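Here is a guided walk through one protein chain. Have the sequence and the model open side by side.

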Amino acid sequence: MAAEGGGKEMNEIKTQFTTREGVYKLLTHSEYSRPNRVPFNSQGSNPVKVSFVNVNDQSGNGDRICFNVGRELYFYIYKGVRKAADLSKPIDKRIYKGTQPTCHDFNPLTATAESVSLLVGFSAGQVQLIDPIKKETSKLFNEERLIDKSRVTCVRWVPGSESLFLVAHSSGSMYLYNVENTCGTTAPHYQLLKQGENYAVHTCKSKSARNPLLRWTVGEGALNEFAFSPDGKFLACASQDGFLRVFGFDAAELHGTMKSYFGGLLCVCWSPDGRYIVAGGEDDLVTVWSFSDCRVIARGHGHKSWVSVVAFDHCTTSVEDGDPPAEFSGSDEDFHEQIHFGAGRDRANSSHSRLSKRNSTDSRPVSVTYRFGSVGQDTQLCLWDLTEDILFPHLPLSRTRTHTNVMSATSPPATGQTTTTTTTTTTITTTVSTTNPSGTNGKDIVSNSSTSGNPANSLPSTLPRSNSLPHSSAPTGGSTPNSHTGSNNSSSTTTTTTTTKGNSIIDSAFIATGVSKFATLSLHDSRKERHEKDHKRNHSMGHISSKSSDKLNQLSSSRTAKTEVAKTLGTTLCPRMEDVPLLEPLVCKKIAHERLTVLIFLEDCLVTACQEGFVCTWARPGKVGLLSSQNNPANSPSGTVV
């Protein structure tokens with residue numbers, strides 16, 4: 001774990017780290033910040049965020065970067081690993097008065113070398129559409145704050161659309177806008193369109209087209225972040241009430257939910273093939289959730305404080321046909337020779353097709369590794385690998401492989417430092433994969449976990465514990481008292497099937513239906529409130545303002561404020577820690593002086609940013625390029641090489 005070593009060494013900022021792929025190096029000359037390079041006094045300010053866009057410039061240097069620091073917003077040409085950053089020449093710089101930028105997003109569909117569409121959300125609730133190349137401000141949405149007065153927490157263009165965008169606020173509401181519509185001079189009036197378990201969708205009543213088109217009310221407290229699935233058809237929402245909720249976006253159907261171990265969820269991301277979602281938050285954990293099974297399949301513990309960003313590395317994620325893991329009986333080194341960590345070798349589409357073959361009952365398993373990363377308020381960067389022994393626990397393993405963060409140049413493929421063997425109490429798990437012809441976007445695999453053999457209470461009282469517990473003896477779906485022991489062809493409570501996508505709610509083509517019950521929610525009270533004494537987030541300004549801007553939220557909050565945590569702990573919504581594998585990070589390094597707020601994986605580097613306003617570029621192994629001669633330890637005044 002990261003706590004090893006101790007003393008002064010642990011407080012030193014790392015400038016490189018080693019994984020099985022090789023060495024990642026910090027490029028000190030590719031650091032972006034305010035032009036004066038002075039650390040920003042981050043007290044009381046909003047998190048630094050970074051957005052990228054490629055404008056398809058003929059020169060081959062088409063990447064553009066936007067980042068906010070305090071009241072300031074900067075727009076630069078991003079030179080990455082190729083050339084040093086020239087901070088004296090921002091393409092655009094803006095300083096705002098009375099409000100601060102909190103988040104931003106480029107529209108990749110409309111980006112050209114002459115024009116880009118950049119949405120910027122603000123702490124007072126407004127959303128601005130600007131063109132930093134033309135230096136124009138085209139529109140300001142929610143200007144009079146009639147739609148929502150609370151801070152904008154997340155803004156995203158709807159995938160595949162040049163005009164629709166979605167905005168989340170700390171009030172717990174999301175709004176769908178059209179850039180062509182105005183916001184009106186009076187507060188909008190809403191009509192209920194769809195309602196479900198702890199969420200509601202309203203349409204805006206107006207004789208003429210106006211914004212917002214829709215209002216989503218999701219959960220209780222702030223809606224901290226949302227993310228669209230790679231195909232744009234699903235929406236994952238991370239809320240302050242600790243719930244991850246996944247919706248079919250067009251039909252506003254709830255697909256599934258997950259609850260944090262405690263505290264709010266702060267960040268969420270999708271795997272490149274859309275099969276897994278990772279969320280992080282105030283429980284200091286990263287939680288991996290299966291989209292098809294609608295259940296937690298693993299947790300990762302490496303951070304010492306809140307997790308602020310999670311992101312998948314699409315370039316290091318690899319999927320390949322291989323022999324079943326059960327047939328492997330050699331050393332861990334031999335095993336990892338079978339898994340090739342090729343940067344960008346397999347893209348998301350190939351991953352999707354090969355994983356689809358894995359779900360066929362008569363096909364051979366594939367060798368699969370998902371790489372994702374996380375950064376937190378503990379100033380640490382963690383990298384994680386999600387491998388087939390975690391993804392497919394029903395396959396018997398010759399021995400259980402776990403991940404440790406022991407990394408050295410002499411033994412790069414070390415993953416088997418800890419071995420946990422519980423052969424006497426192995427739970428037999430069968431998986432039936434069926435194809436639903438009416439499912440959406442190819443994610444039509446329904447895995448029904450039903451267990452036979454030893455019940456949960458027959459597990460030994462002292463399970464072998466390690467920091468990376470794979471627990472092949474206790475698959476998530478089968479070891480809790482709340483899971484069904486049913487036949488293979490029937491859905492258990494751990495499974496939610498994807499319903500046929502109805503007409504798009506954007507077109508308002510159907511009337512509101514009643515409260516929809518879903519399998520993951522039918523037996524459990526999902527409106528659980530976490531202990532207020534853990535994190536008194538209910539006293540934030542965003543929650544107070546929600547009382548005036550969203551009466552529906554207020555009513556639901558008063559009903560559920562006294563619900564106890566025990567109602568979800570131990571269920572499929574929130575399994576106990578011993579019931580799911582506990583991952584250990586491959587890498588866990590302190591890389592900044594202030595809390596980290598950005599982690600983005602690019603093709604030849606990864607980008608991090610801290611609250612001091614420094615945006616750092618880490619070259620992938622073999623991608624140092626032109627900066628290799630400039631980037632040596634003598635040039636890094638405050639760094640150590642590890």
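Is His169 buried or exposed? His169 is buried, because its relative accessibility is 0%, under the 20% cut-off. Keep in mind that this is a predicted model. His169 sits in strand E13, which covers residues 164-169. Set aside the neighbours within four places in sequence, and His169 still has a list of contacts. Among them are Gly125, Asn142 and Asp148. Ser150, Arg151, Val152 and Thr153 are also in contact with His169. Tyr175, Ala222 and Leu223 complete the list.

Now step back to the whole chain. The protein chain has 642 residues, and 59% of them count as buried. Its secondary structure comprises six helices and 37 strands. Consider next the contacts between residues at least 6 apart in sequence: 64% of these join residues at least 24 apart. The chain exposes about 25,200 Å². Carbon and sulfur atoms supply 49% of that area.

Return to E13 and look at its sheet. Six strands make up this open sheet, in the order E12-E13-E14-E17-E16-E15. The pairing is antiparallel. Which strands stand at the edges? They are E12 (152-157) and E15 (189-196). Each has a single partner strand, so one side of each lacks a neighbour in the sheet. From one strand to the next, the twist averages 20 degrees. In general, strands of a sheet pair through backbone hydrogen bonds, in a parallel or an antiparallel sense.

Strand E14 spans residues 173-178, and strand E17 spans residues 214-218. The two pair in the antiparallel sense over four bridges. Which residue of E17 is the bridge partner of Met174? The partner is Trp216.

Aromatic rings come next. The model holds 25 aromatic pairs. Take Phe17 and Tyr24: their ring centres are 5.0 Å apart and their planes meet at 15 degrees, so the pair is stacked. Phe17 is buried, with a relative accessible area of 0%. Tyr24 is buried too, at 1%.

A second pair has another geometry. Phe141 and Phe165 are edge-to-face, with 5.1 Å from centre to centre and 65 degrees between the planes. This pair links distant parts of the chain. Phe141 belongs to strand E11 (residues 136-141), and Phe165 to strand E13, 24 residues apart. Phe141 counts as buried because its relative accessibility is 2%. Phe165 is buried as well, at 0%.

Tyr32, Phe52, Phe67, Tyr74, Tyr76 and Tyr78 form one aromatic cluster.

Finish with the cysteines. How many disulfides does the model contain? The count is zero. Is Cys605 buried or exposed? Cys605 is buried, because its relative accessible area is 0%. Cys294 also counts as buried, at 1% relative accessibility.

Note on methods:
Residues numbered from 1 in each chain as written. Predicted model: local features only at pLDDT ≥ 70, side-chain atom pairs only at ≥ 80, totals over all residues. Heavy atoms only, no water. Buried < 20%, exposed > 50% of the residue type's maximum accessible area, 1.4 Å probe, protein only. Contact = heavy atoms within 4.5 Å. Areas by Shrake-Rupley, 256 points an atom, 1.4 Å probe, with all protein chains shown as cover. Pairing = 2+ DSSP bridges. Axes fitted to C-alpha atoms, helices over the stretch in contact; angles between N-to-C directions. Disulfide = S-S within 2.5 Å. Phe/Tyr/Trp six-rings, centres within 6.5 Å; stacked < 30°, edge-to-face > 60°.
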